[in-house]
Amino acid sequence: MVIHCHHSFNPVSGEMKRIINIDNDVVGFFDEGIIELEFYSIRNYLFVKNKGRFVLSNRVIKKYYVPNVPRLGVINSFFRFFVILYLFFRYKPSLFLEEWSLPKGIKLLKYLFKKCKIGLDIHGAAPEEFYYLHKKPSRMLIRQERYSVFAADFIICQSDEMRRHLEHKYGITEGITVYRCGVDINIFKVDSVLRSTVRDSLGVSDDDLVFVYSGGMHSWQKVYDSAQIFVKYHSLNEHSVFLILTKEVSLCKRILFEAGGDSLLNSSFIVSLPFDEVPKYLNAADVAFLIRDDDIMNAVASPTKLAEYFACGLPIISSRVSKKWISGEGQRFVFDADNLNYACLFESIHCINKQQISDFSSKELSLEIDRENVQQFLSSYL
């Protein structure tokens, strides 16, 4: 039996895609029944009760939904430990995998259940993120991360930069592997038929340059900055369109109006889509926005959208931090948002071969590559 513990309550969130893939490729590697354990914030109780009931896969035998004790730090960690202790005694797992951090007391379980391997899935620099947002350190997060890193038998992280960050910070030399937020290249790929169909449905001509942004409207996603870049380009070339794929339509309209008024709104299409239709609309575009601040949080990230854009043959307009996400070869398909040559942008975009970008994504950023790497690690390390 395997216990997979996570802290994500929204079944359609971006991070949930990675957790489901982890469940398939890491937990699934053990080829055993799964006990799923979800810790969620008590403030999300009604959402979890009414809309958030799901399981990660059809191999989940039973799922436990457990609310965290609010604002109690160390006490909450021990509360989590006793929940996990109960499950260990009940199911005697061969693997326990948890997202973000391990609770105090996990070393006792390693002693009592010697055959059980303890895995840690880290997909963010939590202490550094807290410091960035609040301008002060969180001693709890610092202690929690250090304890978890040294208590785990193995660590999975989301990027090469995150692995380097942990290796430098804690002196780790083994037992750590990378599992990116890879793209399914069977779904996201270059398709000229879809491109024509969607552009026709939008009333976009072959001569129009279509910029696309796909995702949420959080401030760190820099939608306002992307919109301002489009406004500058559109002032030079009216044959250009801004396509935004988002669930947050009302907020998106407000952001666009702030960035460029009615003129920008009239040059934009805001579309809310189910996930399986996103590849169609990405194919209709010519270039994508993926702008982030150059800080530790974004440096260690592995943006799912990067892989999706590339798989559909789209170059991206990004910032300096993109050099941490992809190798030198991939940088050929990135335009620096701070140094754009607007006059030559149309020609520069169309000089890039879409299939070459897609091939790079298949070689470097695909879910299949993630799967092969992590399963090779598990076979050799465990």
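Predicted model: local features only at pLDDT ≥ 70, side-chain atom pairs only at ≥ 80, totals over all residues.
1. Residues are numbered from 1 along each chain as its sequence is written, and side-chain values use heavy atoms, with hydrogens and water left out.

2. What does arginine 59 form with aspartate 23? The two make a salt bridge, their closest N and O atoms being 3.8 Å apart; the term stands for a side-chain nitrogen of Lys or Arg within 4 Å of a carboxyl oxygen of Asp or Glu. This pair links distant parts of the chain, 36 residues apart: arginine 59 is in the loop between α2 (45–50) and β3 (60–67), and aspartate 23 is in helix α1 (residues 14–27). Helices (H or I, at least four residues) and strands (E, at least two) are DSSP runs, numbered from the N terminus. Aspartate 23 is buried, with a relative accessible area of 0%.

3. A search of the whole structure finds 21 salt bridges. One of them joins lysine 110 to aspartate 153, with the closest N and O atoms 3.3 Å apart. Lysine 110 lies in helix α4 (residues 106–112) and aspartate 153 in the loop between α6 and β6, so the pair ties together parts that are 43 residues apart in sequence.

4. Glutamate 368 forms a salt bridge with arginine 371, the closest N and O atoms being 2.8 Å apart. Both lie in helix α16 (residues 367–381), three residues apart, about one turn of the helix. An α-helix has 3.6 residues a turn, so residues three or four places apart point the same way.

5. Now look at helix α7 (residues 160–170), where Glu161, Met162, His165, Leu166 and Tyr170 are buried. Seen down the axis of α7, these buried residues fall within an arc of 140° (taken from the directions from the helix axis to the C-beta atoms), so they line one face of the helix. After α7 comes glycine 171, whose phi is positive, near 70°.

How values were computed
Buried < 20%, exposed > 50% of the residue type's maximum accessible area, 1.4 Å probe, protein only.
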